[in-house]
Every structure is written in C-alpha cells, then in structure tokens.
Amino acid sequence: LLLAWSEEEVARYLETFKALETKNASSIQKRETTEYMDQVIHALGVRGVNKTDAAQLSSQFGSMKRIITAPIEELSLCPGIGEKKVRRLWDAFHKPFFSSRRNR
C-alpha cells in the first residue's frame, strides 16, 4: 500500500523502489544530519517548504519559536514565501491535528 499526494508521486516511489530493490539497505537508510538548516526544514515539516525557504524564514525571524508564533501577516511579509506556503505554515502551527467534532 502506497499513500501519496498524487499519481506522479506514487510513480516516483515505485521507480525508486525498483531501482533500489537489489541494493544494500545501508545505502538507503536515513543518516542523521547535523546541519542547522536541515534540522530547521525537518522541524518545520510543512509540505513545500524547502531549504531556501527555511533559510529565509530563519534569517527573517531568528528562531523557530519566532517562526511558530508569528502572525500570518508577519509570515506573509517574508520575501520569497508565497501565499500558499504562508497558509500551510500557519495552519501547521495553529490548527489542531484532529477535528474537534466527534464521530457519531
């Protein structure tokens, strides 16, 4: 079972799987990163936020705490970060993971 955002993403997963199915597992295992920017990207964990965006946010706000607590208006003033990314960032930090409605 593969779960992905699009058919193209599933195709990439399958292509990668076929290319690596005969390789040693150590060649594809995740390696710990010690670079600050990689850690910021991982901590943000928002789809579409790349290394350039993380660097811009980091230089603009100075800390993860300031990025997380920034109002949406302040995030939207960050150069190079578009409206969709701003909305995704803000939603990721301010909306609950689960709906408050209960299933009946």
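# Notebook: salt bridges, core and helices

I counted the salt bridges and found that the structure holds 3. I take a salt bridge to be a side-chain nitrogen of Lys or Arg within 4 Å of a carboxyl oxygen of Asp or Glu. Side chains of opposite charge can pair when their charged atoms come close.

I note that this is a predicted model, in which local features need pLDDT of at least 70 and side-chain atom pairs count only at pLDDT 80 or more, while totals for chains, interfaces and linings use all residues. Residues are numbered from 1 along each chain as its sequence is written, and side-chain values use heavy atoms, with hydrogens and water left out.

**Entry: overall layout**

I looked up the secondary structure and found 6 helices and 0 strands. Helices (H or I, at least four residues) and strands (E, at least two) are DSSP runs, numbered from the N terminus. Along the sequence the pattern reads α-α-α-α-α-α.

I then checked burial. Buried means under 20% relative accessible area, exposed means over 50%, and partly exposed is in between (1.4 Å probe, protein chains only). Of the 104 residues in the protein, 17% are buried. The accessible surface comes to about 8700 Å², and 54% of that surface belongs to carbon and sulfur atoms. These areas come from the Shrake-Rupley method with a 1.4 Å probe; for residues, only the protein chains shown count as cover.

I also looked at contacts, where contact means heavy atoms within 4.5 Å. Among contacts with a separation of 6 or more, 30% are between residues 24 or more positions apart.

**Entry: the salt bridges**

I started with Asp53 and Lys85, whose closest N and O atoms are 2.4 Å apart. This pair links distant parts of the chain, with Asp53 in helix H3 and Lys85 in helix H6, 32 residues apart. Is Asp53 buried or exposed? Asp53 counts as buried because its relative accessibility is 5%.

Next I looked at Arg87 and Asp91, whose side chains meet in a salt bridge of 3.5 Å, N to O. Both residues lie in helix H6, 4 residues apart, which is about one turn of the helix. Arg87 has a relative accessible area of 42%, so I list Arg87 as partly exposed.

Glu21 and Lys18 form a salt bridge too, at 3.0 Å from N to O. Glu21 is partly exposed because its relative accessible area is 41%. Lys18 has 53% relative accessibility, so Lys18 counts as exposed.

I found Glu9 in helix H1, residues 7–20.

Glu9 does have a polar contact of 2.8 Å with Tyr13, side chain to side chain. A polar contact is a pair of N or O atoms within 3.5 Å; within protein, one must be able to donate a hydrogen and the other to accept it, and residues adjacent in sequence count only if both atoms are side-chain atoms.

**Entry: the nonpolar core**

In soluble globular proteins, nonpolar side chains tend to be buried together. A nonpolar core is a set of buried Ala, Val, Leu, Ile, Met, Phe, Trp, Tyr and Cys residues joined through side-chain atoms within 4.5 Å. The largest one here has 14 residues, of which Leu44, Leu57, Phe61, Leu75 and Leu89 touch the most other members. Helix H2 (36–44), helix H3 (51–61) and helix H6 (83–94) each give two or more residues to this core. The largest share, 3 residues, comes from H3.

I followed Leu89 further. Leaving out residues up to four places away in sequence, Leu89 touches Leu44, Val46, Val49, Leu57 and Leu75.

I found Val40 in helix H2. Val40 is buried because its relative accessible area is 3%. Not counting residues up to four places away in sequence, Val40 touches Ala54 and Met64.

Lys84 lies in helix H6. Lys84 has 65% relative accessibility, so Lys84 counts as exposed.

Ser76 is in helix H5, residues 72–76. Ser76 is partly exposed because its relative accessible area is 42%. The C-alpha atoms of Ser76 and Val86 are separated by 5.9 Å, and the two residues are 10 residues apart along the chain.
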